[in-house]
Amino acid sequence: MKRDFYEILEVAKDATPEVIKKAYRQKAMQFHPDKNPGNKEAEDKFKEAARAYEVLSNADTRARYDRFGHQGVDGGAGRGGGGPHFQDANDIFEAFGDIFGDLFGGAAAGGGARRGGQRRGQSATRGADLRYVMEIELQDVLTGIEKPIQFECEDSCTDCQGTGAQAGSSVETCSACGGRGQVVRSQGFFSMATTCPQCRGQGQMIKSPCKGCRGQGRKMVERKLLVKVPAGVDNGTQLRLTGEGETGVRGGSRGDLYVELRVRQHERFERNGDDLYAELEVSYLQAILGDEMEVETLRGKKTLTISKSSQYGQKVKLTGEGMPSLRGSRVGDLIYLLKVTIPKKISKEEEKLLQQIVQSKGGTKDKSGFFSF
């Protein structure tokens, strides 16, 4: 059974983001692989704390976790919604490099040159996450839809294959810092590490920059994707497309793309959860005598039964004609609110019949022609 994320970080459920970050830093320091070499239990707790922080440090995933527990963030949309995805410590260093940089004095996120041979100036950086707002119709929510989207983002330069160097040239190690990205200056008994002024902390120098990307290794491109929207989504639902964001720097992994859905308002139906509501006009005779009438639904025409002596504002339900649930097999209902209409004019024959009904109910006609009971 999965442990509670708040319990893992030892914080209260109303803890502020600052408290959560501080708690995670303490856990990361306690179970860091460099402090617990070869300790499998410590490594598991290191990944467990990282997963807890990933969910609780983001407002959207934290809200889903508070409401639905682990089910709300394992397999859902949004940051942290795809379940535990830290395969090893390097994934964690890459995701939270800023925290580990603070913890270990600006050394590389994974512990300096010992992890994969990377030093600070050469460390890969994950690409930025992107957000896209997609508008869909209420009918699309009923069945789900695959819809193409188009957007611009930073992608790896195809001219230099992301190196930033012009074809035929190469990236060279900075001679001033030896590829570390930092230079160390001694002042008496103290040594101070500062960003290398020659390579600006990159640890590398590009003498012949690529003309296509001006040495950046990335450039703005237009991307097209086909997004699969499941049935039952709601206004504001976020879909997380892993690895479809901006490309990383120096071989870093891609960021994610978050597609936020906007459901356009329907001209007739109003949604409330999984139920749909609509107004239905019926004549006063239909309301009194009852009727079976054909009505339009999102699934086509259906027969609706109006019971005798129905009242204005009364609810009449078509079971299972609402919206499908995103998290289960339940389908909502379609609920009609009756609006009983009174005709502005009636024929003499209708008036005569109505007068007979009034008289049968004990009504009397005064001198002005009005009936009273």
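pLDDT is the predictor's confidence in each residue, on a scale from 0 to 100. The model is predicted: local features need pLDDT of at least 70, side-chain atom pairs count only at pLDDT 80 or more, and totals for chains, interfaces and linings use all residues. Residues are numbered from 1 along each chain as its sequence is written, and side-chain values use heavy atoms, with hydrogens and water left out.

**Exercise 1.** State the mean pLDDT of the protein.

*Solution.* The mean is 83, and 82% of the residues reach 70 or more. Next, consider residues 76–84: the pLDDT there is below 50. Residues 104–121 also have a pLDDT below 50. Where pLDDT is low, the predicted coordinates should not be read in detail.

**Exercise 2.** Determine whether Lys-27 is buried or exposed.

*Solution.* Begin with the cut-offs: buried means under 20% relative accessible area, exposed over 50%, and partly exposed in between (1.4 Å probe, protein chains only). Lys-27 has a relative accessible area of 12%, so Lys-27 is buried.

**Exercise 3.** Describe how the axes of helices H3 and H4 cross.

*Solution.* Helices are DSSP runs (H or I, at least four residues), numbered from the N terminus. Axes are lines fitted to C-alpha atoms, for helices over the stretch in contact, and angles run from 0 to 180 degrees between N-to-C directions. The axes of H3 (residues 40–56) and H4 (residues 59–68) come within 6 Å and cross at roughly 105°. H3 is therefore roughly perpendicular to H4, a term covering angles of 65 to 115 degrees.

Notes
Helices (H or I, at least four residues) and strands (E, at least two) are DSSP runs, numbered from the N terminus. Angles under 35 degrees count as roughly parallel, over 145 as roughly antiparallel, 65 to 115 as roughly perpendicular and the rest as oblique. Contact means heavy atoms within 4.5 Å.
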